[in-house]
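Have a look at the structure first, then read on.

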Amino acid sequence: MSDSSEMFSLSINELQKRWLEIGPFNKILPTFFAEVVETNHILFEEVAIVVAITLAFTIHRYFLTTLFLKPISKFLDFNAKNELKFCESCCKLLYYTCFFVWEYYTVNILYPELRYSTKAHWEGWHKDMDIPNPIKYLYFLEAGFYFHSIFATIFMDVWKKDSIAMIIHHILANTLIIFSMSTRYHCIGLIVMYLHDPADIALEGSKLVICFNSKKQSNVLEIISSIGFLIFTWAWFYFRLWVFPQLVLFSSLYTGFVGTTRPFYFPFNIMLFMLFILNVYWFHFIVALIMRIALGKSNCVDDVREYEDGSLKKKN
């Protein structure tokens, strides 16, 4: 890949060129609807599959929590707050790990060229192409999971300072998933998924360690949680803030569209850029925690997104 400054320059030039061709705003919306009609490939059967998977995730989490995780948390004598956090993190760690194993196999074993070449994201693209089954089934699972996650954030998870942003993220992520599947932009969509899940695995694993450590202080658990936090910080910065602009944004702003008439240049890039902005927003929580520790305001890794009064839900 080119260096970052060249990528930025090429992307801005292509953005300006496209704006002159498609803009102003009163032309973008009609163009968008026309392209939706022309390129949409979502079938009723696929919608039904996603709905069924959404229900399956919700039912699975309910029974996993009720039958296994809550009894375990009772046995471990967690308080009410840590019990809810323990159940939430166990479920999310399971789901994100399964997703990443699938993504890792698909990206590194089946389609390794997608990691290195932005041109590979678009080779052979046409609006009627088939999506390979390993990618298609992953898309179904991820779409169902994020629909479930909207419900779970509101009704099942610990309510945090960023819960509204989390809901926006889930809606945006699912829009991108369904949109890229419909328009056959599935290769770049696969890379987006692949770059996001490692940080979530590290986050949920670290939160589980913190649950145990908050019950009974342990130097070993403190060290493990600190290592987990460092891995999480590295994964978030490297995959979401460093690689994502170079491998995804450059691909969608320039490589995939330069010299072509592929549809949805502005809608697709607007959604990807919004996702990047949300990643920057959440990174400020990580920086805030680092600053708290550096200034001596906190002597351990904790979640600065939680309300200081310790409430489980605080929606008003």
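Axes here are lines fitted to C-alpha atoms, for helices over the stretch in contact, and angles run from 0 to 180 degrees between N-to-C directions. Helices are DSSP runs (H or I, at least four residues), numbered from the N terminus. This is a predicted model, where local features need pLDDT of at least 70, side-chain atom pairs count only at pLDDT 80 or more, and totals for chains, interfaces and linings use all residues. Residues are numbered from 1 along each chain as its sequence is written, and side-chain values use heavy atoms, with hydrogens and water left out.

**H3 and H4**
- Helix H3 (residues 44–75) packs on H4 at about 130 degrees, the axes being 9 Å apart.
- That angle makes H3 oblique to H4 (under 35 degrees is roughly parallel, over 145 roughly antiparallel, 65 to 115 roughly perpendicular, and the rest oblique).
- Residues in contact (heavy atoms within 4.5 Å) include Phe57 and Leu64 from H3, and Phe86 and Tyr95 from H4.

**H4 itself**

**H5 and H7**
- Helix H5 (residues 133–155) and helix H7 (residues 186–215) pack at about 55 degrees, with axes 11 Å apart.
- H5 and H7 are therefore oblique to each other.
- On the H5 side, Ile135, Leu138, Tyr139 and Glu142 meet His186, Gly189, Leu190, Met193 and Asp197 of H7.

How values were computed
Helix = DSSP H or I, 4+ residues; strand = E, 2+ residues; numbered from the N terminus.
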